[in-house]
Amino acid sequence: MDENRKIFERISEVNNAITSDVPGEVPYQFAVRHSKENIKNTDSVSYLLIACTVPLIIRTLSHEQGSNPFRLIVFTTMLILVICNTITVALMKKKIIAEVNGDSITINKKTYHHSDITEIRRASLNNLKIISGGKVIATVSKSCDGCIELVNWAKQCGILIDDNGDSYENVQKRQWIMVGVLTCGAIAAAFILYFLKHSLNT
């Protein structure tokens, strides 16, 4: 919960920077990266998946349960999710989303002058899209390290920021709605697995 609170506060600070009439101070050089709170939350999902997978591994590898197709499907799916999530966490730790150096920004090893950036546009799930020539060249979470600096840099360079900067309360509300949607999705998935189990056993 402490990580979530820090994420809410970071997003709120970015929104305050967006709505501020005066851009804040901007370092000559800075990088935009995934925050340690986001990485920790993603990593927690991986540990949760591993904890859920261990009993399935034991039951699947046991002689009397090994032939059960339902357990084999669930075990394979969980294993794939664990591997994908572990890779995602490793990439998040290393990835530099954007790097600003004076009046230019480098994204995916390609450098753009600030005049090449058309706008920074609001996206879903508290993200910002960096647009160049009508094309999205990067998506940045407002909870990323360096996002406030990115917003202030864009303002100093005269880049349009198409975002109204929600309040802290609205940020929390949207995040809890997202949690509710994910919870409902997990419940729906559980029902699907339940019916799949019965259909495979009949």
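Visitor: Which residue of strand 7 stands opposite L128?

Guide: Strand 6 and strand 7 (residues 135–141) pair in the antiparallel sense over six bridges; two strands pair if DSSP finds at least two bridges between them. Helices (H or I, at least four residues) and strands (E, at least two) are DSSP runs, numbered from the N terminus. In strand 7, the residue opposite L128 is V140.

Visitor: At what pLDDT do side-chain atom pairs count in this predicted model?

Guide: Residues are numbered from 1 along each chain as its sequence is written, and side-chain values use heavy atoms, with hydrogens and water left out. The model is predicted: totals for chains, interfaces and linings use all residues, local features need pLDDT of at least 70, and side-chain atom pairs count only at pLDDT 80 or more.

Visitor: In what pattern do the helices and strands follow along the sequence?

Guide: The secondary structure consists of five helices and eight strands. Reading along the sequence, one finds the pattern α-β-α-α-β-β-β-β-β-β-α-β-α.

Visitor: What share of the accessible surface belongs to carbon and sulfur atoms?

Guide: The protein has 202 residues, of which 36% count as buried; buried means under 20% relative accessible area, exposed over 50%, and partly exposed in between (1.4 Å probe, protein chains only). Areas come from the Shrake-Rupley method with a 1.4 Å probe, and for residues only the protein chains shown count as cover. The accessible surface comes to about 12,100 Å², and the share belonging to carbon and sulfur atoms is 61%.

Visitor: Why is strand 6 largely enclosed by the rest of the structure, and how many of its six residues are buried?

Guide: Strand 6 (residues 127–132) pairs with strand 7, and strand 5 (residues 119–123) pairs with strand 6 in the antiparallel sense over five bridges. Strand 6 is largely enclosed by the rest of the structure because the number of its residues that are buried is five.

Visitor: Which residue takes a positive phi in the hairpin of strand 6 and strand 7?

Guide: Strand 5 and strand 6 form a hairpin with three residues between them, and L125 in that turn has a positive phi of about 55 degrees. Most residues other than glycine have a negative phi. The hairpin of strand 6 and strand 7 has two residues between the strands, and a positive phi near 60 degrees is taken there by G133.

Visitor: What is the relative accessibility of K109, and is K109 buried or exposed?

Guide: N108 lies in the loop between strand 3 (104–107) and strand 4 (110–113), with a positive phi of about 50 degrees although it is not a glycine. N108 is exposed, at a relative accessible area of 60%. K109 is found in the loop between strand 3 and strand 4 and has a positive phi of about 70 degrees, again without being a glycine. Its relative accessibility is 86%, so K109 is exposed.

Visitor: Which residues in helix 4 are buried?

Guide: Just after helix 4 (residues 147–156), G158 takes a positive phi of about 75 degrees. I105 touches, among others, I130, L150 and W153, leaving aside residues up to four places away in sequence; contact means heavy atoms within 4.5 Å. In helix 4 the buried residues are C147, L150, V151, N152, W153 and A154.

Visitor: At what distance does a polar contact join the side chains of E119 and R121?

Guide: E119 lies in strand 5, stands opposite I131 in strand 6, and is buried at a relative accessible area of 12%. A polar contact is a pair of N or O atoms within 3.5 Å; within protein, one must be able to donate a hydrogen and the other to accept it, and residues adjacent in sequence count only if both atoms are side-chain atoms. For the side chains of E119 and R121, the distance is 2.7 Å.

Visitor: How far from C144 is the nearest cysteine sulfur?

Guide: A disulfide is a pair of cysteine sulfur atoms within 2.5 Å, and a search of the whole structure finds zero. C144 is in no disulfide, and the nearest cysteine sulfur, that of C147, lies at 6.5 Å.
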